[in-house]
Amino acid sequence: KSGVPLQAVEQTARMDGLDPAAVTLALAAAEVEDANPECERSTTTTTLPTTTIDDRDRRFLNKYERMLKSGVPLGAVEQTARLDGLDPSYLLDGATISTRPVIKRLPPSPDRKEALLKKYKKMIKSGVPRKAVESVVKREWGEEADEIIKSHLVFQPEGPTEEELPPKLFWSSEKGMVEFPLSVIGKESHLALLIRKMVLTVKRARVVHGEDKKEGTLKVENRDLYNALGGLRGVQVSRDLYNSTCEPDQKMNGQEVCSKRKPFLELLSGLGIRAPTRRRDVVDIQGLDQLVKHIEATNQKELEAIQECLNEGMYDFDSLAELYKPGTRVLAKSVFASGVDMICEVFWNRYEQGKTLMGVTRKFKVCFQFMVAVGKHFTI
């Protein structure tokens with residue numbers, strides 16, 4: 001109808017594994033029908049057997065059954081089946097019902113077979129899952145599909161694809177640097193947001209090497225991460241405190257739940273991260289625990305030496321971060337100059353480094369949380 005020469009249509013039919021004569025016959029029937037739109041169609045409705053047909057061929061049966069019910073002559077339906085590459089002998093012929101159990105596909109020409117095999121091998125090479133390739137083969141070969149899969153196709157050993165592997169949240173690079181991707185699976189990395197804030201806080205300056213927008217990474221020195229280790233441990237403590245309120249068997253009242261959730265919610269707000277809206281949803285910053293372990297492993301010798309000194313009852317400036325580790329309870333003497341002792345819990349600590357006229361300075365800061373009475377209530 002669009003003006004393509006008949007020879008070109010017949011050549012396309014041959015490439016598709018169809019009989020060009022059948023296509024010519026179908027085109028002639030279509031022209032006759034177009035020329036006589038008011039010709040009387042057969043009104044006899046016929047049904048197809050459905051109890052012995054495989055599920056993979058159900059869509060073809062539904063198609064032909066709709067054609068028969070709408071009054072399309074049986075010969076036209078059979079011709080459509082031939083154009084689809086199927087054996088039309090399973091269709092009804094008047095009152096005679098065929099007992100053929102499945103749809104039988106016409107064997108493709110040798111050239112067509114070679115083209116199909118080449119297509120399947122290309123799909124396998126490009127990483128298409130085995131089930132998807134087998135589904136295509138079964139749809140195009142019918143009963144012969146199992147033989148084609150067994151004798152012609154070689155699948156690669158199954159394993160996790162690149163999409164199924166967990167995303168890389170950080171990695172070590174040259175010159176004692178650690179890189180963090182600014183986005184993970186199309187979303188902004190929460191870990192990168194946290195590290196940017198922590199490192200800028202401890203260094204009081206621009207992050208060394210900063211953000212590489214071309215590569216989409218944030219580069220940070222190992223030493224800066226070590227100085228921020230106490231702050232990262234504090235984030236772990238506040239996260240665990242929040243998640244303790246999400247347990248189904250917890251018996252906290254509303255005020256206690258709010259007080260335990262507040263520190264982590266404030267952190268999320270400061271990072272621009274959306275907080276969960278449902279009461280039982282647990283929170284986490286993906287990759288935080290792995291990063292803390294990485295920092296501890298990188299500075300293992302230094303941390304072991306500090307721990308040995310603390311076990312002997314000695315400490316210095318560099319050991320304060322391990323002495324006041326987040327989650328540790330300490331006794332504060334003479335609180336508020338009233339001579340009263342109070343139990344406090346370390347919330348976070350960090351080393352801060354800056355530059356002055358006298359040179360590079362380094363400070364240690366620690367945050368404690370404690371409970372005080374306010375009227376008839378207590379607050380943290």
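Modeller: Rings of Phe, Tyr and Trp (its six-membered ring) pair if their centres lie within 6.5 Å; planes under 30 degrees apart are stacked, over 60 edge-to-face, the rest tilted. This is a predicted model, where local features need pLDDT of at least 70, side-chain atom pairs need 80 or more, and totals for chains, interfaces and linings use all residues. Residues are numbered from 1 along each chain, and side-chain values use heavy atoms, without hydrogens or water.

Colleague: Which residues do ring pairs link into a cluster?

Modeller: Ring pairs do the linking here. The cluster consists of Phe317, Tyr351 and Phe364.

Colleague: How many aromatic pairs does the rule count?

Modeller: The rule is applied to the rings of this model. The count of aromatic pairs comes to five.

Colleague: What kind of pair do Tyr242 and Phe264 form?

Modeller: The centres of Tyr242 and Phe264 are 6.2 Å apart. The angle between the two planes is 55°. That makes the pair tilted.

Colleague: Why does the pair of Tyr242 and Phe264 tie together parts of the sequence, and how many residues apart are they?

Modeller: Tyr242 belongs to helix H10, residues 229-244. Phe264 belongs to helix H11, residues 254-271. Helices (H or I, at least four residues) and strands (E, at least two) are DSSP runs numbered from the N terminus.

Colleague: Is Tyr242 buried or exposed, and what about Phe264?

Modeller: Buried is under 20% relative accessible area, exposed over 50%, partly exposed in between (1.4 Å probe, protein chains only). Tyr242 and Phe264 share one class: buried.

Colleague: Why is the pair of Tyr351 and Phe364 tilted?

Modeller: The ring centres of Tyr351 and Phe364 are 5.1 Å apart. The pair is tilted because its planes lie at 55°.

Colleague: Which strands hold Tyr351 and Phe364?

Modeller: The two residues are 13 apart, and their pair links distant parts of the chain. Both Tyr351 and Phe364 are buried. Tyr351 is in residues 340-356, strand E8, and Phe364 is in residues 359-369, strand E9.

Colleague: How many bridges pair E8 and E9?

Modeller: Strands pair if DSSP finds at least two bridges between them. E8 and E9 form a hairpin, with two residues between them. Their sense is antiparallel, and the bridges number 11.

Colleague: Why does Thr217 count as buried?

Modeller: Thr217 is found in strand E6, residues 217-221. Thr217 counts as buried because its relative accessibility is 3%.
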